[in-house]
Amino acid sequence: MGRRKRGNPVHGWLVVDKDSNITSAKVVDMAKKILNAEKVGHSGTLDPLATGLLPLAFGEATKTISFIMTGKKKYNFTICWGSSTNTDDAEGAVIETSQVRPDAAKITACLNRFVGRIQQIPPIYSAVKVNGKRAYALARAEEPFTLKPRSIIIERFELIEIIDKDHASFEVISGKGAYIRGLARDVAINLGTVGHVSDLRRTEVGPFSEKDSISLDKLEELGHKGAAVDKLQPVEAALDDIPALVLTEDEARRLKCGQPISVLKVASRAPLIGILPGEVVCAMEGKNLVALVKIKDGEIRPFRVLNR
């Protein structure tokens, strides 16, 4: 006999506005409990001290997490000049100090060097794996290891305000895998000083912004009223930028069974303009996502079917 699942079959996206001093894992656990859901995952952690958007995928929405993970993210953060920490944020121990404080002109000139595709070494306290172990676990155990630089994309990096001589605030739009702590560390070094992130907030993740979010306190309040599930956004919300094909009921049924369908038949109803072979496409029946598909050899082939 199979193991009985706990919770209800809840499907969709919930964008939680995370408070500081709580882990992403704790947010996931609390939201799962409040919605009494069978299955939930998240689209990238936030550091415990960070605040902001943590999109949670429930049920069949977990099949679309990768599209949020690879999407753009926007952050607002503050760099504290003059001290670096072993975690590159305010949570860590100070390991180096400097009397140098950059002015606005020097900061602005420096930021251009960090826009575009750049190389970044992740913070040693990060989830990057080294020989099968998390870097943060090795760092806590004081085991020696080396992290390799990796390619990231910074689309925009702007100075927002010089708060005082020791602090400046910034806004960044980044791609997948960028560590804001690492960015702050490297900018400070480039300016001839040291620094760390003293405040960090994520304001956008893929198609989600602050207007889509809800606090855990508010979610708990709605949960007591049985209305928390009403805050879920549809599974399709994660796929706004992906082209879609509208199918008939029979075509949708075939895809749900894992069977391919003819491109010509679908194209005869609506030209497949701008859709390239091998590109991920949303197969829709009305407003409902049936499957994620790819076009190959004259067929529309499902590679991820949604069951709701």
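This is a predicted model: local features need pLDDT of at least 70, side-chain atom pairs count only at pLDDT 80 or more; totals for chains, interfaces and linings use all residues.
## Strands, helices and a buried serine

Helices (H or I, at least four residues) and strands (E, at least two) are DSSP runs, numbered from the N terminus. Residues are numbered from 1 along each chain as its sequence is written, and side-chain values use heavy atoms, with hydrogens and water left out.

Is S209 buried or exposed? With a relative accessible area of 16%, S209 is buried; the word means under 20% relative accessible area, while exposed means over 50% and partly exposed lies in between (1.4 Å probe, protein chains only). Leaving aside residues up to four places away in sequence, S209 touches L53, T203 and E204, where contact means heavy atoms within 4.5 Å.

## Two helices side by side

Now look at helix α1 (residues 24-35) and helix α6 (residues 216-224), which pack at an angle of about 20° with their axes 9 Å apart. Axes here are lines fitted to C-alpha atoms, for helices over the stretch in contact, and angles run from 0 to 180 degrees between N-to-C directions. α1 and α6 are therefore roughly parallel to each other, since angles under 35 degrees count as roughly parallel, over 145 as roughly antiparallel, 65 to 115 as roughly perpendicular and the rest as oblique.

Which residues of α1 and α6 make the contact? From α1 come V27, M30, A31, I34 and L35, and from α6 come L216, L219, E220 and G223.

## A mostly covered helix

Helix α5 (residues 180-190) is mostly covered, with 9 of its 11 residues buried. After α5 comes G192, with a positive phi near 80°.

## Two loop residues with positive phi

Most residues other than glycine have a negative phi. N131, which is not a glycine, has a positive phi of about 50°. N131 lies in the loop between β8 (129-130) and β9 (133-134) and is exposed, with a relative accessible area of 79%.

D297 also has a positive phi, near 55°. Its loop runs between β18 (288-296) and β19 (299-305), and at 64% relative accessibility D297 counts as exposed.
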